[in-house]
Amino acid sequence: MQALLVLLSIAALSLLASSRGLDPGRFPALARLAASGFLFLLMGILLGPSVVGLLTPGNLESLRPMMALGLGIAGVILGLNLEPRLLRLLPRPVYSAALAHAGTAFFFVALPLVAPLLLTSGLSPQAAVGAAALLGAAASLSSGHFAVLAYRAGRMDRARGLGVALLTMLDDAVGMGVLALALVLGAASNLGEGLGLVCLAVLLGVLCGALLAFLTHSLKDPAELTTVTLGGVALVAGAAAYLRVSALLAGVACGATLALVGGRTAERVSRALARVERPAFLVLVFLVGCAVHARDWSAWALVPGFVGLRFLGKVLGGKLAQRLAGSTLELPPRLGYALIAQGGLALCLVAEYGMLVPGGLSQRVLDVVVVGAVVNELLAGQAFRQVLGPAQAPARAQPDVEVAT
Amino acid sequence: MKGAIIRLGLLVVLLAIISRAQVLRADAGTPVTLAAGALLLCGLFAGKVAKGLGLPRLTGYLLVGVAVGPYALGFIPNAGVKGLELVKGLAVSLIALVAGTELRLGLIRRVGARVALLCAGVCGLTFLVSFGALFAFKPLLPFMASMTVTQALAVSALVATVVVSFSPTVTIAIVQETSARGSFTEFLMALVIIGDLFVMVAFALAAGVTKASFGGGLDVAELLGGVGWELFGSVGVGCVLAVAVLVYMRGVKQELPLFLVGLSFAAAEGGARLHLSPLLISLAAGALIANLDERAGERIHHAIQQAGLPVFALFFAAAGAGLKLDALVTVGPVALLLVGLRGAAIWFSCRKLAPVDDPRLKRYLWMGLISQAGVTFGLAALVTRTFPSFGSHVEVLIVAMITAHELVGPVLTRRALAASGEIRTDEAAGTA
């Protein structure tokens, strides 16, 4: 019944998001949240156990397979983007710039917030450091969907839009690295076992990626290719969930292996996955929203700090990135303001952390990042106007749909 | 085929590795997603192998499900297969929705009366044979041994209604797989659908009589109300869903597959909870859409057709994984005897009662009526829930029969379609 409720809610929200009643001119913030999928997050919070309670904690527990599948799909898509040929072509300053804006935001958030986490949770310093690192990782991530929409709509120079999108794609590596570190610190009783579990996830992903490349190698029928792709993603995500290791990391390893050894098959798999990307993302954010404890006041107290520090980190990190890559990459002025939107990967990180690291601290991290992501999405619309300048700023919000990854 | 065998082998090796790795972990997580992925992939490649051997792909899906499932190699835990119940419900609803879009008024006018007449004959004769056999086997069936004659007669009638049931899902899946089109195919599809309506009514009546024989009292009004609710309520809810789909398609024009999946979940889950038939709900919805707006029907058909391959592969592989092989051992002889008698009754009734204007119906139709799957499973589970004292024994008997029917039924259905000369191709895109 709970799965039915999830799907009905999503169908209803699809209807709302697509309806003419949701006029971007009249409800710009709501239309923006609907287009980026974050409206589903708010719906999840509303229907979840801590507000209306239509879905109970038991229901959420039984919906874990859907959550694992969503994380696996996100991971494989992310891994497929790590195309070695393209990555090798990128000049070093581009990597430095991505590391600068992501790293600055990471340290701006993780360092100051480690103390309140340690003091309010009463857990070990190791756990608090892991949780603060994950907050930092979530803060370091940015979504390029505003820039993509802007250059598609002709409101931004294409080269600049792509430059922003490239930097936001590269910061995903920082997020994934920190997730691995946080899982090593928190997912097992000791560091060695934690490291072993992360390695197991990666090994599983590599095995499944190689197998998926072989399975899809000679498939010509699009329906068969889609079926094998979906089955492969479900297999890697399911195996990770069954072995209680990270489905996201396994998915990334699977996608990266496929990109490395799959050749042209990887492109076809990527296209097949693109068909299910948005529905899977919407289900995932809905479930992440359901998992929020809206009555955790300590988490609410951390949200202003998280959002404010991240904002500062992104603005300063953007300046630094511009200085490092300004000569090799076309970037807009006030780059930091283009990096405020946080995107869906941050939600994936905290959802994964919450599933694998037991305890209240992972729950608090999830609460802070989810609420922070919604606030950042709303802030991002205003901040992006600073990037476009008064002449290019749109009079009305665009109704385009773009997955905020 | 060699490539498919190698790929299937590699998949099984990977599953064995995952299964072994899990033993080393102290606590296991949820196996549902693993079951979905593994059964989908294994099913697809087993289907290719089956096709290479001249068998229906569906037989490959079923056999590989049995092989990697909890009752054979055990690579997929039982909890994983059970967790796919939702997927099964979704698959049945989607399949029924597609089938419904093919039920045009013209077709019903053309063959409706003749199909209903033949269906009554086939179901009636098969019921009588099964009923007689079950009553005669009373000493051999432990759960009936201690019953009075009246109770044994009532239980025999109840079980016989379940034994009669057909499998619209298998039939529709094989028709999709082979892209069969023509009067024979139309007749077969209409017969299995109408046959299941007959079975639903008969089952409800037999359940009422059985309750009365065990001292529960016979409330005729309640009984008829229940049957009426299941039939007309399902059609009514299907009509409401059809209107909802048409409104959505006209107003929204996007995310149609997602909406249809949500709707099929609603039909499967909500229908079961409201004591309605999910199959009938979706059939009615599909039929109404196709007859009100032909283009909308085609769009739905196309949207679900694209998802047909994964839905069929997963549904039937999961059905195979859920087959309790040990049931065959315990009640095997009686079950196999019933399988033989049912087959003979269907063959005889088709030979004698099928319309004379198409000789193919007399010769081949019986082969398309052997399969049993989802509806029969559902009825068997209902017997367990309604009659806890003996229901579980009946379920074991029925599951043993389904196991046999699932293995031979798809092969026979395909042979019937091939013999009728209506198979177009085996390589239609997005088919089973």
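Trainee: Of the contacts in chain A with a separation of 6 or more, what share comes from residues 24 or more positions apart?

Mentor: The share is 82%, where two residues are in contact if their C-beta atoms, placed from the backbone, lie within 7 Å. Before we go on, this is a predicted model, in which local features need pLDDT of at least 70 and side-chain atom pairs count only at pLDDT 80 or more, while totals for chains, interfaces and linings use all residues. Residues are numbered from 1 along each chain as its sequence is written, and chains are lettered from A and ligands numbered from 1 in the order in which they are written.

Trainee: How many helices and strands does chain A have, and what part of chain A is buried?

Mentor: Chain A has 17 helices and zero strands; helices (H or I, at least four residues) and strands (E, at least two) are DSSP runs, numbered from the N terminus. Of its 405 residues, 60% are buried. A residue is buried with 20 or more other C-beta atoms within 10 Å of its own, exposed with 12 or fewer, and partly exposed in between, with C-beta atoms placed from the backbone.

Trainee: How should I read a pair of packed helices?

Mentor: Two packed helices are described by the angle between their axes and the distance between the axes. In chain A, helix 5 and helix 16 (residues 344-356) pack at about 135°, with axes 11 Å apart. Here axes are lines fitted to C-alpha atoms, for helices over the stretch in contact, and angles run from 0 to 180 degrees between N-to-C directions. Helix 5 of chain A is therefore oblique to helix 16 of chain A (under 35 degrees is roughly parallel, over 145 roughly antiparallel, 65 to 115 roughly perpendicular, the rest oblique).

Trainee: Which residues make that contact?

Mentor: Helix 5 of chain A brings A:Met67, A:Leu71 and A:Ala74, and helix 16 of chain A brings A:Leu345, A:Cys348, A:Ala351, A:Glu352 and A:Met355. By class, the contact has seven nonpolar, no polar and one charged residues. Ala, Val, Leu, Ile, Met, Phe, Trp, Tyr, Cys and Pro count as nonpolar, Asp, Glu, Lys and Arg as charged, and the others, Gly among them, as polar.

Trainee: How many residues does each chain give to the contact between chains A and B?

Mentor: Chain A gives 37 residues and chain B gives 43. On the side of chain A, helix 12 gives the most, with 14 residues. That side divides into 26 nonpolar, seven polar and four charged residues.

Trainee: Where are the domains of chain B?

Mentor: Domain 1 spans 2-83 and domain 2 spans 87-420, with bounds from an automatic or database domain assignment. In chain B, 25 residues of domain 1 are in contact with 24 residues of domain 2. Helix 3 of chain B gives the most to the domain 1 side, with ten residues.

Trainee: Is B:Val49 buried or exposed?

Mentor: B:Val49 is buried, because 21 other C-beta atoms lie within 10 Å. B:Val49 sits in helix 2 of chain B. Its C-alpha atom is 7.0 Å from that of B:Gly60, eleven residues apart along the chain.

Trainee: What is phi near in A:Arg334?

Mentor: Most residues other than glycine have a negative phi. In A:Arg334, phi is near 55°, a positive value. A:Arg334 lies in the loop between helix 15 (297-325) and helix 16 of chain A, and counts as partly exposed with 17 C-beta neighbours inside 10 Å. B:Ser179 also has a positive phi, near 50°, and lies in the loop between helix 9 (168-178) and helix 10 (183-213) of chain B.
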